[in-house]
Amino acid sequence: MVKLERLRPDHADALLAFERANRAYFVRSISDRGDAYFAEFDARHKALLAEQDAGVCHFHVVLDGEGELIGRVNLMDVTADGSAVLGYRVGESAAGRGVATAAVGAVCRLAATRYGLTSLTAVTTLDNLASRTVLERSGFCAEGEITVAGRPGIAYRLASLSRLGH
């Protein structure tokens with residue numbers, strides 16, 4: 001059981017702790033955020049909230065049944081035509097338990113019902129089988145190979161958000 005909460009100011013401490021605790025784990029499959037991310041976290045968190053307030057992005061934390069922050073799932077770069085970019089990460093302690101698939105499914109439903117979006121895109125590296133599986137199980141279709149942070153990757157699209165709004 002996972003619960004999504006829209007990012008709020010009071011998530012800052014738990015989110016920073018989550019990012020720090022999982023930094024080495026995340027680096028195995030995605031680019032490192034770098035030391036500046038952690039040093040400037042408070043300012044960055046406030047900037048994300050401002051982007052969210054402006055409707056440019058929709059950020060969410062993923063909580064487990066006990067209310068512990070175990071991941072995040074975001075809709076970024078919302079366009080006037082109703083598209084956005086999906087991004088997500090789940091901590092090591094929750095990996096392999098269906099958390100990412102549940103969180104992506106939940107945010108896709110929010111995208112269709114609450115945010116009025118019509119399509120989503122996402123990218124991952126070719127060697128990130130777990131992320132590719134999450135996207136494919138969630139209805140995303142591969143669109144082609146790309147480069148992600150200097151590594152071979154694949155672009156995905158979910159163009160049928162309207163079916164999720166019913």
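Ser83 has Ser119 as its bridge partner in strand 5. Helices and strands here are DSSP runs numbered from the N terminus: helices are H or I with at least four residues, strands are E with at least two. The model is predicted, so local features need pLDDT of at least 70 and side-chain atom pairs count only at pLDDT 80 or more, while totals for chains, interfaces and linings use all residues. Residues are numbered from 1 along each chain as its sequence is written, and side-chain values use heavy atoms, with hydrogens and water left out.

Strand 4 and strand 5 (residues 119-125) are parallel and share 3 bridges. Two strands count as paired if DSSP finds at least two bridges between them. Buried means under 20% relative accessible area, exposed over 50%, and partly exposed in between, with a 1.4 Å probe and protein chains only.

Strand 2 (residues 58-63) runs antiparallel to strand 3 (residues 69-76), with 6 bridges joining them. Leu63 sits opposite Leu69 of strand 3. Strand 3 also pairs with strand 4, in the antiparallel sense and over 6 bridges. There, Arg72 has Arg89 of strand 4 as its bridge partner. The hairpin of strand 3 and strand 4 has 6 residues between the strands, and in it Asp77 takes a positive phi near 55°.

## Helices on the sheet

Contact means heavy atoms within 4.5 Å.

Helix 1 has 16 residues and spans 21 Å from first C-alpha to last, close to the expected 22 Å. That expectation is 1.5 Å times one less than the number of residues. Helix 1 bends by about 45° at Ala21. The bend is the angle between axes fitted to the seven residues ending at a residue and the seven starting there.

The buried residues of helix 1 are Ala12, Leu15, Leu16, Phe18, Glu19, Asn22 and Phe26. Their cover includes helix 2 (35-39), helix 3, strand 2, strand 3 and strand 4. Phe26 counts as buried because its relative accessibility is 6%. Beyond its neighbours within four places in sequence, Phe26 contacts Phe18, Glu19, Arg89, Val90 and Gly91.

## Cysteines

The count of disulfides is 0, a disulfide being a pair of cysteine sulfur atoms within 2.5 Å. The sulfur of Cys108 lies 12 Å from the closest cysteine sulfur, that of Cys141, which is too far for a bond. Cys108 is buried, at 1% relative accessible area. Cys141 is partly exposed, at 49%.
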